[in-house]
Amino acid sequence: MADNEFTPGIRAGRLEHGAYAAQFSDLHPPLDDHEALVAADRCYFCHDAPCITACPTDIDIPLFIRQITTGTPDAAAKTILSQNIMGGMCARVCPTEQLCEQACVREIAEGKPVLIGQLQRYATDHLQQQGIHPFVRAEATGKTVAVVGAGPAGLSCAHRLAMLGHDVVVYDARPKPGGLNEFGIAAYKTPNGYAQAEVDWLLQIGGIRIETGKALGAGLTLDQLKADHDAVFLGVGLGGVNALGAVGEDKDGVSDAVDFISELRQSTDLTALPIGRDVVVIGGGMTAIDAAVQAKLLGALNVTLVYRRGRDRMNASPFEQDLAASKGVRIVTHAVPVAVHGNGAVREIEFEYVDATMKGTGETLRLAADQVFKAIGQTLQGDGLPDLDGRKIAVTVTGRTSVAGVWAGGDCASGGDDLTVTAVAEGRDAAMDIHSALMG
Amino acid sequence: MANLQSDFVGIKSPNPFWLASAPPTDKEYNVRRAFEAGWGGVVWKTLGMEGPPVVNVNGPRYGAIWGADRRLLGLNNIELITDRPLEVNLREMKAVKRDYPDRALIASIMVPCEEEAWKAILPHVEDTGADGIELNFGCPHGMAERGMGSAVGQVPEYIEMVTRWCKMYTRMPVIVKLTPNITNVLYPAEAAKRGGADAVSLINTINSITSVNLDSFAPEPMIDGKGTHGGYCGPAVKPIALNMVAEIARNPATADMPISGIGGVTTWRDAAEFLALGAGNVQVCTAVMTYGFKIVQEMISGLSEYMDSKEMTSVDQLVRKAVPNVTDWNQLNLNYVAKARIDQDACISCGRCFAACEDTSHQAIAMSEDRTFTVIDEECVACNLCVNVCPVEDCISMVPMDAGSTDPRTGKVVDPSYANWTTHPNNPSATAAE
């Protein structure tokens, strides 16, 4: 008999083979033309619109929505992409309910914001599906810039620099570019290979060379990059994962949520991807939610997400929490892991409940678990980096680091939320500052 | 429930809602469905003279403009009068009237501007048992090229002449349907009156091109690459129709002439507005072409409820209720001063009032750092633009200033007395105030 959701252990193929595609299809199916017009018509075209202020990349949202309304979605896409070259991905992964749509006056008035994220996707898809790249390079400046990290910050920076006439080399440790867009975000948010398609589309600007399999400490040094280029941008992200600090966390079946998500994203056959029957995810951010929901979608019978504080303190938005709940993920709060039990492989994981000050209460909880994913935060990795501010590279508002000629942005840099859209903004702004610095 | 029974120039119907002469009333099948749905009366699709009927185009007859979610706001048509033989229409009219004796059945007629033509058709119409006739002097497309429809309606002398013929050759009440494609609707209305018309109905459709196809560079609706102007109707034309009805209702020479109000009537409220401005009943077309005959149920319940709330027991009590308040600009009280006021609890901070006032009006709205919008009374002229662009109903209101208070814009004390332009000192031809 084939495995199903009741089969103990970490097993592949828990679902009917035909079920996977539907499980991992688009979380928000794209709007069709009429739906887009109806949604766009709800925009009031506010003066000095709050949604623009709420967008880390300052997209002129009322303008692009009006362009959709008037039947010119490609013009709308240009409005979006000129501010945010990864507007297509941001339309899919942005926590819009905490950004533009939270600020929308119709959210305030009716609790139903204009569907800004979905309209942004409508416009950018319309342009990109025709293969149109609307930007052209300025006259060559003869300057070269090294970008380390081909994630949202690095690619955004590289595109803007290339557009301004500089030649850019983008290095990345992974075998393909995209960063977290490609390796770190739930599949249902960006299905059908969109992350790679977006990178391919972005590279159409020209003047950008991607070199994979290279990272600081793995073939690259900051000094050499500085010597070989006129400027360096670091968008290396957070490569390390925090440890649980619980007894027995080295047992089989305990792994990093980011690795699970990456493996899932790179899988070409989800029916072959094993998942536990009883899965426990530890953490309260987007990564924890993405791992928990996808574990459930793969056919895990019980998925429990355990967070050390209250729901209101979770980095994952209420929308993401509700999404997890709707998929059948149980959310346990105010509990910290103290021990992983099992003979070689995990069988149970033990938590202690804590109060609001994180003080142990002495009350414990044991959850059956054949698989545990850790998602309690990522850390900056690398030696010889510029000065840090806390655990990240210290930067000015335009991304300048303590080292002359070196800029940084995205998750590895201080300031801003760890969001795709913030990374794109920081990459773009650093590029503008690099340009001014290089061109005097 | 209020009694909606209607008596329009002696024609009785259970309610004041008639279907206008148009595609929905072109044949027995439709008209029976309309009566079953509850319509009080029907003006049958315009009859032409005996002989081979007109032909219609075999491509699009309608063009439209839409609002949000493709809500149809304006419709344009290039359909001609009935393209079915006269005798078929007459036979069907007779059958319908026999089965629905309590409903109004009016025959719309359009024949050449010759006495013999009118004289010939009227007895046939009378024979159907129809309650009245409506002279189609309105259609602005197609038939007008042949010297009928609006081509007649644009010449007051013709209106008077044909109306007189009809009064001479039939005992049926004569309603003259007017075209809005003129400079001043009072000329054709007065001509109808001189000719002895029992009533006028208006408006017929407005000459229009709904849109231009920007790929084939031709107007819509397009027939094999070409388009022509058609008659515009639907909610978009209502304000034009209301004004023309009001002009006739308040004109001393025509004030006593019954009016059948037509033009964008879609809901009970539209109908009530026409009645208040002087219409004795209303005719509907585009709304049923958009939603079907069933909408009359809402019109009946809505008008009844409204009349109950106003303690009106018959439609006549609503008719002309607003006419005394329609006046000329020079009669408006220039001592009346209002100021916009924004209800901060209702405001959703969209800033549209600010953009409109700042960019296009009087810079009378202030915007704070936290997006609070307030009126600057020193600048506000109470133009009402902010009210009109505000997406929240009743968020901004125009509040009259109390007499005796000082208008911060002009520094003048608000005068409780009435004074209009005719006596204003800036008016070179002002007559001295007493």
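This note sets out points on the domains, a helix pair, a sheet and the chain interface of a predicted model.

1. Domain layout. The domain assignment divides chain A into three parts: domain 1 (10-20 + 241-377), domain 2 (33-128) and domain 3 (144-239 + 380-439).

2. Domain 2 against domain 3. Between the C-alpha centres of domain 2 of chain A and domain 3 of chain A the distance is 26 Å. The contact involves 12 residues of domain 2 of chain A and 18 residues of domain 3 of chain A. On the domain 2 side, helix α6 (residues 87-93) of chain A supplies the largest share, five residues. By class, that side holds seven nonpolar, four polar and one charged residues.

3. Helices α4 and α5. Helix α4 (residues 61-69) of chain A packs with helix α5 (residues 73-83) of chain A at an angle of about 170°, and their axes are 7 Å apart. Because angles over 145 degrees count as roughly antiparallel, α4(A) is roughly antiparallel to α5(A). The crossing of α4(A) and α5(A) is left-handed.

4. Residues of the helix contact. From α4(A) the contact draws on A:Leu63, A:Phe64, A:Gln67 and A:Ile68. From α5(A) come A:Pro73, A:Ala75, A:Ala76, A:Thr79 and A:Ile80. The residues of this contact comprise seven nonpolar and two polar, with no charged residue.

5. A three-stranded sheet. Chain A has an open sheet of three strands in the order β14-β15-β16, with antiparallel pairing. Strands β14 (335-341) and β16 (360-368) of chain A each have a single partner strand and stand at the edges, so one side of each has no neighbour in the sheet. On average, and with direction ignored, neighbouring strands of this sheet are turned by 25° against each other.

6. Pairing of β14 with β15. The antiparallel strands β14(A) and β15 (residues 348-354) of chain A are joined by six bridges. One of the residues with a bridge partner in β15(A) is A:Pro337, and the partner is A:Phe351.

7. Chain A against chain B. In the contact between the chains, 10 residues of chain A meet 12 residues of chain B. On the chain A side, the elements giving two or more residues are α2 (33-41) and α8 (105-110) of chain A. The largest share, three residues, comes from α8(A). The chain A side divides into seven nonpolar, one polar and two charged residues.

Key. Residues are numbered from 1 along each chain as its sequence is written. Chains are lettered from A and ligands numbered from 1 in the order in which they are written. This is a predicted model: local features need pLDDT of at least 70, side-chain atom pairs count only at pLDDT 80 or more; totals for chains, interfaces and linings use all residues. Axes are lines fitted to C-alpha atoms, for helices over the stretch in contact, and angles run from 0 to 180 degrees between N-to-C directions. Helices (H or I, at least four residues) and strands (E, at least two) are DSSP runs, numbered from the N terminus. Angles under 35 degrees count as roughly parallel, over 145 as roughly antiparallel, 65 to 115 as roughly perpendicular and the rest as oblique. A crossing is left-handed if the near helix is turned anticlockwise from the far one by less than a right angle, and right-handed if clockwise. Two residues are in contact if their C-beta atoms, placed from the backbone, lie within 7 Å. Ala, Val, Leu, Ile, Met, Phe, Trp, Tyr, Cys and Pro count as nonpolar, Asp, Glu, Lys and Arg as charged, and the others, Gly among them, as polar. Domain bounds come from an automatic or database domain assignment. Two strands pair if DSSP finds at least two bridges between them.
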